[in-house]
Amino acid sequence: MTRATTLLNPLREGLRLERIPDPCVMVIFGASGDLTRRKLIPALYNLAYDGLLPPGFSIVGYARRAMADDEFRASMRKAVERFSRRQPIDEDVWQTFARGLFYLEADFSEVRAYDRLGELLERIDRERGTGGNRIFYLATPPDAYELIVERLGEAGLSHPSDRNSWVRLIVEKPFGRDLQSAIELNEHLLRFFQEEQIYRIDHYLGKETVQNILALRFANTIFEPIWNRNYIDHVQITVAESIGIEERGGYYERAGALRDMVQNHMLQLLSVIAMEPPIAFEADPVRDEKVKALRAIRPIRPEEVDAIAVRGQYGPGFIGGQPVPGYREEPKVDPNSQTETYVALKLFIDNWRWADVPFYVRTGKRLPRRVTEIALQFKQVPHRLFTGPAAAGLEPNTLVIRIQPDEGVSLNIAAKAPGPRVRLRTVSMGFLYGTSFLVQAPDAYERLLLDCMLGDSTLFTRRDETEAAWLPITRILQGWAEQPPPRFPNYDAGTWGPAEADDFIARDGRRWRRP
Amino acid sequence: MAELQTRRLLPRVEGTTIDVDAIERELADLWRSSGRFDARGVEVALSRTSVLTLFVYTIDSARAEQAKELIDQLSSEHPSRVVLLTAMDQKASGPEQPGAEVSIQCKLGVAERYAPCYEQITIGMPANALDLLPSLLIPLALPDLPSFLWWMGPPPLDDRRFLRVARAVDRVIVDSLDFTRPVHDLVLTRRLYNQLRGQDTVLSDLNWARITPWQEMTARIFDVPQSRWALDALTDVWVVSGRFEHWPANPSQALLYLGWMASRLGWEFDDAMSRPEGCCLCMKDAAGQRIEWNICFEPYAARLHGHLLSVRFQARQGGEQATFTIARGGLERGTVKLRAQNEQQVLLEYAFHHALFDLRRLLVRELQTLAADPLYEAALREAEGLASLVEQWFA
């Protein structure tokens, strides 16, 4: 991490406002795309509105579409007006922000364009005092990553011009298609950038509740002693979406649920739940522990994939009372597509803490409701004092960490219902962030972009982490490739997935939660 | 956002001013008996989450009304038990007499199945009841949670009983913008701060928090490597505050701001002089260079009386000269704008919206802070010294 110039300023010390990064320029490759319009520019404007961007902060939009600086500014203003959580737009803030917006029209492959980019960056350094500090953001389709990085390296833009400045690279998911391609991409990036310069973004990690898992686990004494195989029967991680693939048929056909959700978001959640306490809340100690948890996932042999994985694809059905088409009827989808839109896995983490505790992980499109949660189900009491009607319907203790919607934590406990007879009921003790703190949480991108500017990579994934997450996923993909094609579609839109998934967990004497 | 509200007036018992046990009993009963359905008949789970106890003492009913509005807004970010204590007019009778009311207020709207609720206790206090206050603050504070006392109106800083009141809570929040004799009371604030040092109570000043955006912008000027030289080469500073024409000037913000810079940069006082539009404090920096610090006032609406409106720094070193201006602007003057320029060009322009100009946001920030602020302590120490020098011109 670069030492901020602010340390040289005696007025900076002890101020109550948040950390302010060094002046810098962010170059967004793919500046005319959806991600830039919907997420990046609104997030950066929100940071500017809150005074969290450094003076002179500038953005260079790099894309193929022909546009002048002013057109780019006008287009970004529309994006902020539509997608920013800060409304209405503040004229003074916007004017200052917009003065730092520049546009470079060029093809990603054009060698000379990177020279022009270098000249523009030098000019911005001179005129806006950005001191040679740069962030290159790859907001392009993944097949352009290697080319852009190579061109940046060849143009001498991948390394800082002096020891007081820094250069960072943000890479969006998907980070490879399997373990081999992830390794190759990593090696390619590392030919031009150092690992410390690379920020692999998984926006799930920028969500407040995911960060709150760390607070829940490591800022409270009461959970950690029971956070292990001695007390926990199993863990269920659910990321259910009621939406389909929307306009992303082309992408989704190549990805599928396993690559799109499990390899990144869900294994990130799993690693945060399963990790050991880090020695410090800093980038490497936190990521060291996450990597250890991912590496401890029990190796999967291709021939046993059926025993640990179920896949599904939705057919036509109803969502919210409205008929919706099946996956194969979606635009840009092969009518005979074998792409999975649902996946359920049973993973084990072979270490001292979690030996033989199954982690059931499931995700799907067109499920009945949108919900992301992690449920830790505790074991039954060792000796049942209450049996028969007194304990009918009593559920084991469950700690549920809800990520969306209704972010919060709830704990189900048994309590005696009032009355002369002993009858137990399961009651939920809930702490909902939304009902306790009604404030709007910052968008995940705001947090992550600011962290990158500050050189804090705690919430970004490291090379070994990405590769460790790809290993089990690749084994499952290999296993599926060796099997006959599945009989898709196998669940109706608006249901909780294929019947096979229910049978799959029922074989272990358990059942899926209905979140 | 829809609201569920249930309230109960406590019967006044002859001879008893305020019965704390009765307040707790009534609150418990309210929780038991509160309706679980909203206006549409939909079942709602009432959730009670508290992160602190907030006592608000208001010196009159007009401020009490303002406090009620703010409390309602604050509950979104700081679910708390709120105890509103209002000093009643001594001559009042009937409903204006001391008494208490308890209520549970719930909000619907985020996730309609759940309604976050907070407890509000409203107590009418006899006037001049400083003796009585600790006996209410201590038992009404929720156990194991921090307690804050926000004193709305001029605090009785020269009354020894106020120290006992302050000691009954974890943090006392005053506002030097409300001070009756702003300069003199700044001296008394320092005395109270010192008396509380080493105790469990921390004293804070909302007016100190108000200068946070100014501090941030000032620091930001000199964060920029090209401007850093100017910090050691300042020659003149003009600090302009608003002044409502019928009210005496309040230089508290300006003095705290100067106190902060002086404490951070090791400036020492050299000389002071009265000026028609304010005063000038001459400081010397560590190298012995003189800096003229002009405190000026500009006629303005009552809502910005005593608030900083602009700060301008001038720096000169060798043949180089630069001017840095920080000013409030934009809608409702909620934006801070910074402009740095030398004789040839504009070096830097910057603007951001600052939530801390809004009282609600200011309080939210205050309620998130538990530890003492060493910057405030150092700035107050300097400001007190300067205040005693200029007191004669602001009496």
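A:Pro489 lies in the loop between α13 (463-481) and β18 (491-492) of chain A, where helices (H or I, at least four residues) and strands (E, at least two) are DSSP runs numbered from the N terminus. The peptide bond that leads from A:Phe488 into A:Pro489 is cis, with omega near -5°. The model is a predicted one, in which local features need pLDDT of at least 70 and side-chain atom pairs count only at pLDDT 80 or more, while totals for chains, interfaces and linings use all residues. Residues are numbered from 1 along each chain as its sequence is written, chains are lettered from A and ligands numbered from 1 in the order in which they are written, and side-chain values use heavy atoms, with hydrogens and water left out.

**Backbone features in loops**

Another cis peptide bond runs from A:Lys173 to A:Pro174, with omega near 5°, and A:Pro174 belongs to the loop between β5 and α6 of chain A. Positive phi values in residues other than glycine include that of A:Asp356, near 70°, in the loop between β12 and β13 of chain A. With a relative accessible area of 51%, A:Asp356 is exposed; here exposed stands for over 50% relative accessible area, buried for under 20% and partly exposed for values in between, with a 1.4 Å probe and protein chains only. A:Arg366 also has a positive phi, of about 55°, and is found in the loop between β13 and β14 (371-378) of chain A, but A:Arg366 counts as buried at 13% relative accessibility.

In strand β5 (residues 167-171) of chain A, 5 of the 5 residues are buried, so the strand is largely enclosed by the rest of the structure. In a regular strand the side chains alternate between the two faces of the sheet.

Strand β4 (residues 134-138) of chain A runs parallel to β5(A) and is joined to it by 5 bridges, two strands being counted as paired if DSSP finds at least two bridges between them. Within this pairing, A:Leu138 stands opposite A:Val171. Together with helix α5 (residues 145-154) of chain A, β4(A) and β5(A) make a right-handed β-α-β unit, a crossover being right-handed if, with the strands pointing away from the viewer, the path from the first strand over the helix to the second runs clockwise.

β5(A) also pairs in the parallel sense with strand β6 (residues 198-200) of chain A, over 3 bridges, and A:Ile170 stands opposite A:Tyr199 in β6(A). The chain crosses from β5(A) to β6(A) through helix α6 (residues 179-192) of chain A, and this β-α-β crossover is right-handed.

**Charged pairs**

Side chains of opposite charge can pair when their charged atoms come close. Over all chains the structure holds 63 salt bridges, each defined by a side-chain nitrogen of Lys or Arg within 4 Å of a carboxyl oxygen of Asp or Glu. The table lists some of them.

| Pair | N to O separation |
|---|---|
| A:Arg353 and A:Glu276 | 2.8 Å |
| A:Asp350 and A:Arg298 | 3.1 Å |
| B:Arg228 and B:Asp232 | 3.4 Å |

In the pair of A:Arg353 and A:Glu276, the residues are 77 apart in the chain, with A:Arg353 in the loop between β12 (342-348) and β13 (358-364) and A:Glu276 in the loop between α8 (249-274) and α9 (283-295) of chain A. A:Arg353 is buried, with a relative accessible area of 12%, whereas A:Glu276 is partly exposed at 30%. The salt bridge between A:Asp350 and A:Arg298 likewise links distant parts of the chain, 52 residues apart, from the loop between β12 and β13 to the loop between α9 and α10 (305-308) of chain A. A:Asp350 is partly exposed at 40% relative accessibility, and A:Arg298 is partly exposed at 31%. In chain B, B:Arg228 counts as partly exposed at 22% and B:Asp232 as partly exposed at 47%.

**Chain A as a whole**

Chain A contains 14 helices and 18 strands, and buried residues make up 58% of its 515 residues. Its C-alpha trace spans about 80 × 55 × 45 Å along the principal axes.
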